[in-house]
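Here's a quick briefing for anyone meeting this structure for the first time. Have a look at it below, then read on.

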Amino acid sequence: MNKTVMKWFQYGFILLLGLVMIYPVLWMIAGSFKTDQEILSGSLNLIPETFRWENYAEGWAGFAGISFFTFFKNSFVISAVSTIGIVLSSTCIAYALSRIDFKGKRFWFVVMLVTMMIPAQVILIPQFIIYNRLNLVCTYVPLILPHFFGQAFFIYQIMQFMVGIPKELDESAIIDGCSKYSVFTKIIFPLLKPSIITTIIIQFYWKWADFMGPLIYLNKPRSYTVSIAIKLFADAGSSTTYASMFAMSTLSLLPVFLIFLFFNKYLVQGISTSGLKG
């Protein structure tokens, strides 16, 4: 009896904690159907007095003659291309560091780990100076190019997953006449599917939600991403349209939500099997 009560208590606590965590999101979604007056009244009620679907139409119309379709397209292009770059570069580097013996391998592995400990703010100004001298500011290059040279977090995550792939597969393929390139493309890369999908989900989410990068490198409204465009609804010089801001914020959650919905099982598999030796 005590075990049953304790179990129900645990379930109730987890449910309450989950509700507390998700309530701000639910309130934002509910606010997308309210008027600005309802939102600013401080009411915590999730049910609007009247559902204002026009908030989505007004928000989608955007501003300065630029619709939110343009901002969504910009965010999708940056997120998709940078994700492709991360997958290709990180898997290649992870394969080299975990499967190929070369001089200085341990040194470069340590260097890769050290980069994980450097805060992004430390290299922000040097990076901007470099891109500015190359006349690449106000373009998407600074937001995409670095991802084609790997990222320590994903390299290490893929390496940990690769540990579970028997090295006998590499040796058998080499005996059959495969080069190291063929071993990677035909054997290792297909087996990395759970880890690759995990990388895709996390990187796409990080890039889609990125605010600081576009804020620093983009200054033309037509090139803005969703995160910057949503911020523009809060205008210090005039009234802030909170309802439209909430509506577009709700829509901005859909791409990430759909990715998690369809690839959740691969995400769990990729994380749970990383670091397990075969």
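Helix 9 and helix 10 cross in a right-handed way, meaning that the near helix is turned clockwise from the far one by less than a right angle. Keep in mind that this is a predicted model, where local features need pLDDT of at least 70, side-chain atom pairs count only at pLDDT 80 or more, and totals for chains, interfaces and linings use all residues. Residues are numbered from 1 along each chain as its sequence is written, and side-chain values use heavy atoms, leaving out hydrogens and water.

**The helix pair**
- The axes of helix 9 (residues 168-175) and helix 10 (residues 180-191) come within 10 Å and cross at roughly 155°.
- That makes the two helices roughly antiparallel (an angle over 145 degrees).
- On the helix 9 side, L169, D170, A173 and I174 make the contact, and they meet V183, I187, I188 and L191 of helix 10 (contact means heavy atoms within 4.5 Å).
- These contact residues split into 7 nonpolar, no polar and 1 charged.

**The loop between helix 6 and helix 7**
- N135 sits in the loop between helix 6 (124-133) and helix 7 (141-144), where helices are DSSP runs of H or I with at least four residues, numbered from the N terminus.
- Though not a glycine, N135 has a positive phi of about 60°.
- At 30% relative accessibility, C138 counts as partly exposed.

Definitions and conventions: Buried means under 20% relative accessible area, exposed over 50%, partly exposed in between (1.4 Å probe, protein chains only). Axes are lines fitted to C-alpha atoms, for helices over the stretch in contact, and angles run from 0 to 180 degrees between N-to-C directions. Angles under 35 degrees count as roughly parallel, over 145 as roughly antiparallel, 65 to 115 as roughly perpendicular and the rest as oblique. Ala, Val, Leu, Ile, Met, Phe, Trp, Tyr, Cys and Pro count as nonpolar, Asp, Glu, Lys and Arg as charged, and the others, Gly among them, as polar.
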